[in-house]
Amino acid sequence: MRIYYDCDVARRVYLDRERFTAFLISQGMTEQQVNRLNIRFQWMLKERDCPDGHNYKNPHGCYKYGSTVYLFVHEEVQRLTPQRVNYALLHEVRHYMQHARDAAGFQQLLDEWKDLPYRQRPLEQDAFAFADQHKDQQFITID
Ligand SMILES: [Zn+2]
């Protein structure tokens with residue numbers, strides 16, 4: 001797993017790499033899949049285009065198909081809580097797991113369900129359910 005900080009402010013956010021790696025392995029990921037994962041902490045001003053090519057309102061993260069999870073560090077201090085960043089981390093890494101499990105199926109589901117509202121897409125529902133299930137495990141701290 002590689003962790004990148006795209007700006008100095010984002011360096012306030014700390015990911016416990018060792019515990020998070022153990023968690024991913026316990027969730028059935030291989031060491032190779034964990035090694036290929038990139039986590040990028042990026043500064044974000046309210047709204048902008050996500051690196052995955054979409055434009056969401058107030059995104060907290062996104063998964064760029066391949067191996068990169070982006071986590072956005074917002075300027076509003078009240079939004080920058082460890083719980084929110086952690087929840088986004090769990091949600092986005094679930095997309096990486098979906099993709100790693102079956103890349104062709106992942107792409108097919110994206111295409112098939114792209115006209116559904118965001119919250120009704122099965123891959124999103126699965127990612128939200130995963131984050132809800134594990135949100136008590138905190139891997140993020142902010143100084
Ligand atoms: Zn998602």
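Helices (H or I, at least four residues) and strands (E, at least two) are taken here as DSSP runs, numbered from the N terminus. On this basis the protein has 5 helices and 8 strands, and the order of these elements along the sequence is β-β-α-α-β-β-β-β-β-α-α-α-β. The structure is a predicted model, in which local features need pLDDT of at least 70 and side-chain atom pairs count only at pLDDT 80 or more, while totals for chains, interfaces and linings use all residues. Residues are numbered from 1 along each chain as its sequence is written.

A residue is termed buried if 20 or more other C-beta atoms, placed from the backbone, lie within 10 Å of its own, exposed if 12 or fewer do, and partly exposed in between; 22% of the 143 residues of the protein count as buried. With contact defined as C-beta atoms, placed from the backbone, within 7 Å, residues 24 or more positions apart account for 70% of the contacts in the protein with a separation of 6 or more.

A nonpolar core is a set of buried Ala, Val, Leu, Ile, Met, Phe, Trp, Tyr and Cys residues joined through C-beta atoms within 7 Å. The largest such core comprises 22 residues, of which V69, L71, V85 and L89 touch the most other members. At least two residues of this core are supplied by each of β3 (38-44), β6 (61-64), β7 (68-74) and α3, and the largest share, 7 residues, comes from α3. When residues up to four places away in sequence are not counted, L89 touches G61, L71, F139 and I140.

Helix α3 packs against helix α5 (residues 122-134) at an angle of about 130 degrees, with the axes 8 Å apart, where axes are lines fitted to C-alpha atoms over the stretch in contact and angles run from 0 to 180 degrees between N-to-C directions. The two helices are therefore oblique to each other, given that angles under 35 degrees count as roughly parallel, over 145 as roughly antiparallel, 65 to 115 as roughly perpendicular and the rest as oblique. The contact is made by Y87, L90, H91, R94, H95 and Q98 of α3 together with L123, D126, A127, F128, F130, A131 and H134 of α5.

Apart from residues up to four places away in sequence, H91 touches G61, A127, F128 and A131; H91 and A131 are 40 residues apart in sequence but 5.2 Å apart in space, C-alpha to C-alpha.

Definitions and conventions. Two residues are in contact if their C-beta atoms, placed from the backbone, lie within 7 Å.
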